[in-house]
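Here is a walk through one protein model, helix and metal sites included. Keep the viewer open and follow the residues as they are named.

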Amino acid sequence: MPHIEVLPNTGAAPAPGWAYVPDTGYDPSKVAFNPKDRKRQATRQGAVPTGVELSARQLTAVQRRIAELERDNDARSGIEIPNKKTTFKTSATKKILMSAKEIRHWLDDEDALLTNKAQAPGAGARAPAGRVIKPVIGARGRRGTLTATTVPSTPVQPSTPATNTPRALTPSVPAFPSSVAGSQDKTLEIRTAVPAPLDMEKLEALLAAPPLPYAAARVGPPAAGGPPQRLFCDTCGYWGRVKCLKCGARVCGLECKGKHDQSMCTRF
Amino acid sequence: MPPKGWRKAAHDPVATQTLVLDNGACTLKAGFASAAAAPSYDDCRIIPNCIAKGRDKRVYIASDLEKCTNFGEMAFRRPVERGFIVNWEAEKAIWEHEFLEGKGGLGCDPKETNLVLAEAPNCPVQLQKNCDEMVFEEFEFATYYRSIGPALNAYNDLPFSASDSPETSLLPPECLLLIDTSYSHTTITPLYNGRPIHSAIRRMSVGGKLLTNYLKELSSTRHINMLDETYLLNEIKEAVSFVSPSFKTDLERTWKGGLSDRREVDPSIVLDYVLPNYEHSAHGFARPHDPIKARRKLLQPLDGPREDILPVGNERFAVPELLFTPTDIGLQEAGLPEAIMQSLSVLPAALQAGMLANMVVVGGNSLIKGFMERLETDLRQLTPSNIPLRIARAPDPIKHTWLGGARLAHDRDILRSVVVTRAQYQERGSTWLGKWFAGGDAK
Ligand SMILES: [Zn+2]
Ligand SMILES: [Zn+2]
């Protein structure tokens, strides 16, 4: 886990969408990491569910839709504050109050900061993480190996490119290995109401572990082997049993297909 | 802990009254706490955390909205995004309007007030720093404690039946799994003796905001363009949605059938929501679906009295279903029951059972009909049957985090042990403060 620390602000105020970071000799073009490349990350994360074939265009559409559903502020709401005061008590609060950055800028900044930390020589990977955060990295290592057939018993070295990017820290496969094993297996390691005694040292390490970055705290996808993704009729919300051959949308039957062709089909 | 007698020092930097603030994206939960009286839900006010602009261009700041009767095409500016205070220009205007001004506000003098502020978990460090600087440099509060909201809940009594829990005390339970399903997202936080286990905190992207936006999207593509009616769709969501105990059955009951096999939709599920026209009615209402009236609507004259109806069928349960099956919209996240398991999987086995026996749910989505029952049923299926499950919703799930903070502030010794004074901040700066609140530095 990369150690997070506030970097001194160099030069001008950060522009929305990206951040100035100290030059450490690291060349981003050489490590093929691009925080804007949601699609590739999604693929890497296992965002493409098994059993559902999505074209690149459809995947983009799904992601655009989710982004729209997650939107906090109307794009159109340029609401000015009445009787706005233009005095600021300190230069720090002036900078904060004048800032027009949105949450995505701050999250991108955090991503960039972590990437930079992880890629800087000797950062994050070794250092204090060893003792304190070991169980977490171990768990994440398992989750990170989406396509591997064997589960590594040791933490994945965070120096491999896949685990270096903050996005890749997002849990990809649920951490409890037993759940994937078979249908008889329940998801937790507990089998009895009286579990093994508490290892106080391990517990103290857990309690001392710092908060995760925003992206890493995101919940992982459902367990592999669970029910397949459900598909619904675009027109009425019933099961999407029929696929429109022109645009790939789902409809429930002929009646909804008719409505779909009339007004909703996106490819003519 | 300060030495005995410290309180009698010439000037106590810890003020008598504390403003406790759960600064949500949709609403602020705010009120004073002091050592004098034990706090209750009644001491907490719920205030819209937004600046809104109506069709008539009139601008409403926060609680001004209570006076509004026309929410048509109302636009909202929200300072909190994804649960974090992002736009301080707007948040400052709202705080000043609600807390500092005497007229209509709480009339609070920050220099004579402590601030206990709840934040969402996993906040970017830079945003925390902005918040700390605003609190001490712009508002100049006397002392300040910033905590993740879920952790404040450890100061509340467990909402299980009285025989289960010890007498009212501020001693946090050994294990507490706090599930917060609110506007911005749904988070799961395991706490041990009141301390959050940060590496096990998990967040689902689904919250009340996403549900409202989803209902807005579905209604707009299927019936009437409602894309500018966020307020109304939120109202409809709160009025009609329920979590289905059996999604497949309910989906069948709301289907009109195919061309050759027509079906009668179940009138106990399919409703007509009569939309407010904002001239004679400020709010709408739901009634059982009437196919004749719904059809006649199309023949109503464009001017003159008319009744606009939004039919709501499977949307009633397909929308809150996202809390349990986010993949229904292609969102590759586990649903809440499995997300809880993902969080627990980080913990040693010895704690997992304790957490499952002490699950508390807060946040407005938990009020959706059927939510608690479905959560318990689904959790039961994911856990071995010999592990006892105990889960309860807080008596007031919206104000519960606030109440936890108020109970902390009511206890002077606890309050004193967690706050940072303005003098300490001025001496050591915001980077130190950030580390102190993250538990990584000595005071
Ligand atoms: Zn259909
Ligand atoms: Zn089509």
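Helix α4 of chain B is mostly covered, with 14 of its 15 residues buried. Buried means under 20% relative accessible area, exposed means over 50%, and partly exposed lies in between (1.4 Å probe, protein chains only). Helices (H or I, at least four residues) and strands (E, at least two) are DSSP runs, numbered from the N terminus. The helix covers residues 208–222 of chain B, and its end C-alpha atoms are 21 Å apart. That agrees with the 21 Å that its 15 residues should span at 1.5 Å a residue. The expected span is 1.5 Å times one less than the number of residues.

A word on the ground rules. The model is predicted: local features need pLDDT of at least 70, side-chain atom pairs count only at pLDDT 80 or more, and totals for chains, interfaces and linings use all residues. Residues are numbered from 1 along each chain as its sequence is written, chains are lettered from A and ligands numbered from 1 in the order in which they are written, and side-chain values use heavy atoms, with hydrogens and water left out.

Now the metals. Donors are N, O and S atoms within 2.8 Å of the metal (3.2 Å for Na, K and Ca); water is not among the atoms, so sites may look incomplete. The zinc ion (ligand 1) has four protein donors at 2.3 Å: the SG atoms of A:C233, A:C236, A:C252 and A:C256. Their spacing along the chain is C-x2-C-x15-C-x3-C. The donor atoms subtend angles of 100 to 119°, so the arrangement is tetrahedral. For four donors, that label requires all angles to lie between 85 and 135 degrees. A:C252 counts as buried because its relative accessibility is 4%. A:C256, at 0%, is buried as well.

The zinc ion (ligand 2) is held by A:C244 (SG), A:C247 (SG), A:H260 (NE2) and A:C265 (SG), at 2.0 to 2.4 Å. This site is tetrahedral too, with angles of 99 to 113° among its four donor atoms. The sequence spacing is C-x2-C-x12-H-x4-C. A:C244 sits in the loop between β1 (242–243) and β2 (250–251) of chain A, while A:C265 lies 21 residues away in the segment after α11 (254–264). Both A:C244 and A:C265 are buried.

What about disulfides, pairs of cysteine sulfur atoms within 2.5 Å? The whole structure has zero. The sulfur of B:C26 is 7.4 Å from its closest cysteine sulfur, in B:C50, so it is too far for a bond. B:C26 is partly exposed, at 25% relative accessibility.

Conventions: A disulfide is a pair of cysteine sulfur atoms within 2.5 Å. Four donors count as tetrahedral if all angles lie between 85 and 135 degrees; four count as square planar and six as octahedral if opposite donors are over 155 degrees apart and all others between 65 and 115; anything else is irregular.
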